[in-house]
Amino acid sequence: MVVGSLTGALCGGIQSGKFGRKKSLMFDNVVFLVGILILCLAPNFYLILLARFITGHSTASALVAAPIYASEISQPQTRKIIGSFYLMSYTSGFALSFILGE
């Protein structure tokens, strides 16, 4: 998943710049769904690894596009709070899942 996150973070900015933030997020959600389906139906270890790569890639790509999209559609008075709240929620949830044992 970490290797997928690396590629997703690198490609997420390019993807959201080329296709737009909303379309990029919709594409990332479809890719994430495919990764989860592969993970659930995987008959061997190698497909599990592939599914984890796919989900990591789409998660990191969405993590790049989502704060930008949220800032673009929010009111100017709340733009700074909305943009940073997404990242704060994501990292807090990620840390909490590690603390509780995933």
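**Exercise 1.** How many aromatic pairs does the count come to by the ring-centre rule?

*Solution.* This is a predicted model, in which local features need pLDDT of at least 70, side-chain atom pairs count only at pLDDT 80 or more, and totals for chains, interfaces and linings use all residues. Residues are numbered from 1 along each chain as its sequence is written, and side-chain values use heavy atoms, with hydrogens and water left out. Rings of Phe, Tyr and Trp (its six-membered ring) pair if their centres lie within 6.5 Å; planes under 30 degrees apart are stacked, over 60 edge-to-face, and the rest tilted. The count comes to 3 aromatic pairs.

**Exercise 2.** Classify the pair Phe 45 and Tyr 46.

*Solution.* Step 1: the centres are 6.2 Å apart. Step 2: the planes stand at 65 degrees, so the pair is edge-to-face. Step 3: with exposed meaning over 50% relative accessible area, buried under 20% and partly exposed in between (1.4 Å probe, protein chains only), Phe 45 is exposed at 53% and Tyr 46 is exposed at 65%.

**Exercise 3.** Classify the pair Tyr 90 and Phe 94.

*Solution.* Step 1: the ring centres are 6.0 Å apart. Step 2: the planes are at 15 degrees, so the pair is stacked. Step 4: Tyr 90, at 30%, is partly exposed, and so is Phe 94, at 39%. Step 5: Tyr 90, Phe 94 and Phe 98 form one aromatic cluster.
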